[in-house]
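Please read them with the structure open.

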Amino acid sequence: MSTHKKISNSSCKLKNILIIGSGGRENSLAWAIQKNNSIKKIYLIPGNAGSERINKCERILIDLNNKDLLIEKLHFFKINLIVIGPEIPLANGLADFLRKNEFKVFGPGKDGAKLEYSKSWAKEFMQDAKIPTAKFWKVSSIDEAKKIIYSSANQLVVKVDGLASGKGVFIPDSKDECLEATESIFKGKFGNSGEVIVLEEKIQGPEVSVFALCDGEKYILLPTAQDHKRLNEKDKGPNTGGMGAYSPAPLLTKDYLQRIVQEIIDPTINELKKKNINYRGVIYFGLMITKSGPKVIEYNCRFGDPECQTIMPLMDQNFVYLLEKCAMGKLTGEEKIHSSKKVSGCVIATSKGYPSEYKTGFPIKIGNIDSKDCQIFDSGTRLSKTGEVLTDGGRVLSIVCQESDFDKVFEKAYRNLQEIYFEGIYFRNDIGHQVRKKFLMEK
Ligand code: AMP
């Protein structure tokens, strides 16, 4: 708590922003922030090949672990607000360090990031606050796991306790498969992250994403979203970091969202306060809408990717002020999110082989892209020595469009995707099937 006290309470005009991270999420945050006229410059550490295509953006290529150099650069570039994108620097306490150095930071400290970096801690947190979630067991030996797996009447899901880049959840089809997954984790497949596992009852229902911007005391909600985690069409195949998304999620009516607020969001914020955690950043609530009501599947201490790319184009120029208010502990909770009346959809183009082995380094060609309400955010790209944009990750590009309805959104996204080429490009053709008429009629 004390690290927050030093920060000035008077909002100076925001001019220079720093965003930490290298993915589509960070590029979309930069794109939303640059809309504000008072912003002069947005720096990204490290950003990617797409960052400098965004108005006002510049990359700084330094090692985040070189703390002295980092502070020197922040002063040199007169940074007014720092937004930390990914979970690893948050889990490592970067926000705490920057606050101690009197910078305004959007992103929780290490204590708040624990919601994401320890699944068992998050489950116990939910238990303490009576937040609905699947029944669970925290396990630290294979013998313990065996007893639970073979005595449970329900199917179980296996989760690595620590951070695992989205690869630490196994959904086995049988008890033997469940034990196999557990054994592989305890044998060290995930290093220290897998010293403890969480076994969880498998629950069922559609998944939705809810985001709360928090200032330690109050919060406001962003538009809701739904993403597609599975690699293949019809939501089949292995889990990925996300193959596409749409926002808002029509499944969440106003009344249902109110229920989520009462049963999940308010109790989460209150429990954080009770535990003396001054959470200044975004909380992602990954929820499953089960027959018995909404349940938390997971918390993240950052914006979801690709939901962030999907939601950011709906924000107006005031978005950056919300981030600043969170960083300063100055939300009233009454702020209106000035979001567009349009809906938004995102399709991710991946490298062939993702989420398993894939090759990188292929040139990316982009033809004629719609100039209005269509954005291409680079997710995993780099520049070659000659300045050519090359693939540099499993998820390569996020193609995002806004229109008056989801049919038009995805027609536009897939039309623009025809203009993009790199060797081995893969994407799902059915992103948003839950909200597109063609697919709804097929059901
Ligand atoms: P997580 O990383 O915890 O969000 O899990 C990744 C995905 O695994 C989720 O989006 C769900 O599709 C699935 N999952 C996680 N926990 C459960 C559960 N208890 N029951 C059913 N599916 C789950």
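1. The side chain of Ser51 reaches the backbone nitrogen of Asn48 at 2.8 Å. This is a predicted model, and the distances quoted in these notes are computed from it. Ser51 itself belongs to the loop between strand S2 (41–46) and strand S3 (57–59).

2. The Ser51 side chain also makes a polar contact with the side chain of Asn27, at 2.8 Å. Once neighbours within four places in sequence are set aside, Ser51 is in contact with Asn27, Leu44, Cys57 and Arg59. Is Ser51 buried or exposed? Its relative accessible area is 0%, so Ser51 counts as buried, the limit for that class being under 20%.

3. An open sheet is made of five strands, in the order S12-S13-S16-S21-S18, and the pairing is antiparallel. Strand S12 (226–232) and strand S18 (374–378) are the edge strands; each has a single partner strand, so one side of each has no neighbour in the sheet. From one strand to the next, the twist averages 25 degrees.

4. Which strands does helix H1 touch? Helix H1 (residues 24–33) packs on the sheet and touches S18 and strand S21 (395–403). The direction of H1 makes about 135 degrees with that of S18.

5. The structure has 14 aromatic pairs. One of them joins Phe106 and Phe303, which are stacked, with 6.0 Å from centre to centre and 15 degrees between the planes. Phe106 is in strand S5 (residues 105–106), while Phe303 is in the loop between strand S15 (293–300) and helix H10 (307–311), so this pair ties together parts that are 197 residues apart in sequence.

6. Phe106 and Phe303 are both buried. They also belong to one aromatic cluster, which is formed by Phe106, Phe211, Tyr284 and Phe303.

7. Two lysines are worth checking against aromatic rings. The charged end of Lys67 sits over the ring of Phe97, at 5.4 Å from the ring centre. For Lys438, the charged end sits over the ring of Phe439, at 4.4 Å from the centre.

Definitions and conventions: Residues numbered from 1 in each chain as written. Predicted model: local features only at pLDDT ≥ 70, side-chain atom pairs only at ≥ 80, totals over all residues. Heavy atoms only, no water. Pairing = 2+ DSSP bridges. Helix = DSSP H or I, 4+ residues; strand = E, 2+ residues; numbered from the N terminus. Axes fitted to C-alpha atoms, helices over the stretch in contact; angles between N-to-C directions. Contact = heavy atoms within 4.5 Å. Phe/Tyr/Trp six-rings, centres within 6.5 Å; stacked < 30°, edge-to-face > 60°. Buried < 20%, exposed > 50% of the residue type's maximum accessible area, 1.4 Å probe, protein only. Lys NZ or Arg CZ within 6 Å of the ring centre and 35° of its normal. Polar contact = N/O pair within 3.5 Å; in protein donor to acceptor, adjacent residues only side chain to side chain.
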